[in-house]
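Please have the model open on your own screens while I talk.

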Amino acid sequence: MKILVVDDVGYTCHFHTRLIEKFGYSACSATSGYEALNYLKTDNDISIVVTDLMMRGMDGVDLFQEAQNLERFTDEGELDPPQFVLMTALRMQKNSQDKDVQRLKLAKELGVGKIMFKPLDQDELEQTLKDMAMGAPTAAGKSLDLYTPTQSLKDAVKEIIDSGNAGAAEQFVECLTEEVDSLKKFLSTLETV
């Protein structure tokens with residue numbers, strides 16, 4: 001999995017690319033929507049795009065729309081379009097008739113995965129990318145939702161702790177241990193293939 005950062009302001013693009021790498025992800029960058037589109041056409045590892053809204057030529061909304069129509073394939077089949085994080089300094093409170101605000105509203109209507117306001121909250125960006133990565137396309141090109149069951153697991157642990165039920169905690173740990181063992185066995189079979 002790779003994350004593509006798109007911003008026509010060079011230092012901003014560089015900063016966000018390095019930040020994403022600091023989070024532990026592989027990242028690449030583009031300084032225009034057109035350059036980003038070329039990356040998406042040639043690099044099937046890109047599954048998340050973090051792009052600025054306002055750019056010369058092709059803006060973030062246009063890039064999102066173009067990316068939805070790209071046909072990307074691997075040996076296993078067609079890939080889903082990449083997920084998008086749209087960065088903007090605009091605020092919705094601004095004149096609602098303003099062209100730029102209209103573009104932001106259109107992004108929401110089109111279903112852009114996440115809209116974040118500059119300056120970006122680094123913790124929020126890291127969590128957003130983590131959540132998106134859990135639902136990123138697998139090697140077979142199908143999305144695997146790990147976020148929902150992981151969140152359910154966290155909720156169950158919190159509920160057990162809040163209840164103070166030691167017996168439930170022991171049973172839960174036993175169940176988790178069995179599932180972890182199953183995953184370890186699965187991974188060991190992959191290593192021998």
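How are helix 2 and helix 3 oriented to each other: roughly parallel or roughly antiparallel? Before I answer, please keep in mind that what we are looking at is a predicted model. The axes of helix 2, residues 33–42, and helix 3, residues 60–69, come within 10 Å and cross at roughly 20°. Angles under 35 degrees count as roughly parallel, and helix 2 and helix 3 are therefore roughly parallel to each other. As for handedness, the crossing in which helix 2 passes helix 3 is right-handed.

If you now turn to the residues that make this contact, helix 2 contributes Gly33, Ala36, Leu37 and Leu40, and these meet Leu63, Glu66 and Ala67 of helix 3. Sorted by class, the contact of helix 2 with helix 3 comprises five nonpolar residues, one polar and one charged.

Thr88 has a relative accessible area of 1%, and since buried means under 20%, Thr88 is buried. Once its neighbours within four places in sequence are left aside, Thr88 is in contact with Asp52, Leu53, Leu104, Ile115, Met116, Phe117 and Lys118.

The other threonine, Thr12, belongs to helix 1, which covers residues 10–22. Thr12 is buried too, with a relative accessible area of 13%. Not counting residues up to four places away in sequence, Thr12 touches Asp7 and Lys118, and Lys118 is also among the contacts of Thr88.

Definitions and conventions: Residues numbered from 1 in each chain as written. Predicted model: local features only at pLDDT ≥ 70, side-chain atom pairs only at ≥ 80, totals over all residues. Heavy atoms only, no water. Axes fitted to C-alpha atoms, helices over the stretch in contact; angles between N-to-C directions. Helix = DSSP H or I, 4+ residues; strand = E, 2+ residues; numbered from the N terminus. Parallel < 35°, antiparallel > 145°, perpendicular 65-115°, else oblique. Left-handed = near helix turned anticlockwise from the far one by under 90°. Contact = heavy atoms within 4.5 Å. Nonpolar A, V, L, I, M, F, W, Y, C, P; charged D, E, K, R; others polar. Buried < 20%, exposed > 50% of the residue type's maximum accessible area, 1.4 Å probe, protein only.
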